[in-house]
Amino acid sequence: MTSTAMRTHQCGELRVDQIGQTVTLAGWVATRREHGSSLAFVDVRDHTGVTQCVVDNTVDVRAEYVVRVTGTVAARPAENVNDKLPTGGVEIQDCVVEVLNVAEAPPFPISERTDTVAEGTRLQYRFLDIRRERMQRNLRVRAAVNSAIRTAMEDQGFVEVETPMLVPSTPEGAREFIVPSRQQPGSFYALPQSPQLFKQLLMVAGIDRYYQLARCLRDEDLRADRQYEFMQLDAEMSFVDQDDVHTAIGNAVIAAARAAGHETGEIVKITWHEAMDKYGIDKPDLRFGMELTELTDVFSATEFKAFAGASCIKGINATGKAEEFGRNKLDGLTDTAKRLGAKGLVWMKVAADGTLESPVAKFLTESELAALAERLAASPGDLLLIVADEWITTCEALGQLRNDLGRPPVFEGPYRYLWVVDFPMFVGVDDVTGRPKPGHHPFTQPHPDDVDRLETDPMSVRSQAYDLVLNGWELGSGSIRIHQPELQARIFELLGISAEEQQRKFGFFLNPFRYGAPPHGGFAFGIDRLVAILAGEENIREVIAFPKTQSGADPMTNAPTPVADKQLNELGIRVLPRVD
């Protein structure tokens, strides 16, 4: 019970065991219903729920009026009991109503679902949207998750440290938000994409275990799981290996899930190569099967030109989907495979008698067809999809098709977490410089077994980077960091970053490492994404109090807005036409 000077109970607290008590509620009028000529039913709502109040019909209250109601708790007549409400067995009678504030009619119903209301309208009136049960629940789930994370981290000896919001620009990462300096015209701060450099410096400083619920900003195009501003659990640990980091972060994630009312099993661990080979994606969803199956050996002696000589042939079995896919849909699947770089897609439907029906079946031998059916565990009604290409292309094409055909909504249980480890240290070669491109940030420690191949075969080098994945959504990433100046210099040289450029861009970060940097590693995961999944939402905007629209606008505050010339002049800024 939450009593204050203005109320004895909240609107969702009353039960039949309180019948006869005199109570005072305070909240908003949810609905008003006439009951004969002399009485009216007024539902009073706050974030805990609603209670029906029986009031004199002369009382002038309307939807969203702010009221205080004093009366006696009574049992509802049997015919009026509402089993769908926790308070549905009682009502308040003999009511005295005080109007604390009147309200205009809201632009959309607060007490009803707003699925048909345009998102721009909801965000324009976000202060009303948040009154709804769905948003109240989501934001309270978020608060519970944040509290559980803090408790879990502090129980493991982590210290919360706030890092700066005005930082130097490091444009090699995602696009930054830039802040002009008034006192140093022509110079700029950046808003942090993450506290990465500062948290590593905290390890040099001996903090040992750091964490922060950090606000980060990236000027990237928005989508369902991305906003300009986002919150993340940011953590760093000294004298650890990957398993130590995984244990600490895993404890926080499991605590967060429990705080939201969910249980989770063991967090499994697979390598990046295994994830790509079995699921075709580096953030696989483990809630469904349809794994990629190796078929290269099945067609090792084939005369079918599309398969002959291919370095990798794999297939998936879309169980029971043969009837669902006519020729137009199959052409769409082929287009998807081609868009991802594959030369094409072979499909086969399993007939009632077990034979494989496909335009290409005539080019394959009976033994090849039989081996294919056995390898993919084909049954009548199944749809078999096969790609033959380079290993990475084959995996990525089938991985996308697997998700398109089998993946359930992200928030549907069970909740399947996994660590993906041993990512490639480098991902391709820069077309201009011919240098390898880092797969993670350039401070990531290479796998100790692969260090000797950095200069001779960099594309084969694994990193000590790792991602945490939940139901196919990447929650976050981390790595063991480079703490030896000599190894860091080798990585910079491979990337073509000169000593002068190192000092200019990262000197403030690298110089302290000369004074004794411990081995360390860390991680960060997105709280917005985690809460969205735990709250059963597909879009992170539903778990953020005041988000931006897809275009980056805020309909409530009208941000972004132009700035007065006087302020621009103070900053030494002149606005020019945009050049793309």
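Is Phe509 buried or exposed, and what is its relative accessible area?

Analyst: The model examined here is predicted. In it, Phe509 has a relative accessible area of 1%; because buried means under 20%, Phe509 counts as buried.

Phe509 also belongs to a group of rings: one aromatic cluster is formed by Phe443, Phe492, Phe506, Phe509 and Phe513. Phe513, another member of this cluster, is likewise buried, with a relative accessible area of 8%.

A pair of aromatic rings is described by the distance of the centres and the angle of the planes. The count for this model comes to 15 aromatic pairs. In one of them, the rings of Tyr125 and Phe127 have centres 6.1 Å apart and planes at 65°, so this pair is edge-to-face. Phe509 and Phe513, by contrast, form a tilted pair, with 5.0 Å from centre to centre and 55° between the planes.

Tyr125 is partly exposed, its relative accessible area being 28%. Phe127 is also partly exposed, with a value of 46%.

Arg402 lies over the face of Phe288, at 3.9 Å from the ring centre. In a further case, the charged end of Lys329 sits over the ring of Phe325, 5.5 Å from the centre of that ring.

Note on methods: Residues numbered from 1 in each chain as written. Predicted model: local features only at pLDDT ≥ 70, side-chain atom pairs only at ≥ 80, totals over all residues. Heavy atoms only, no water. Phe/Tyr/Trp six-rings, centres within 6.5 Å; stacked < 30°, edge-to-face > 60°. Buried < 20%, exposed > 50% of the residue type's maximum accessible area, 1.4 Å probe, protein only. Lys NZ or Arg CZ within 6 Å of the ring centre and 35° of its normal.
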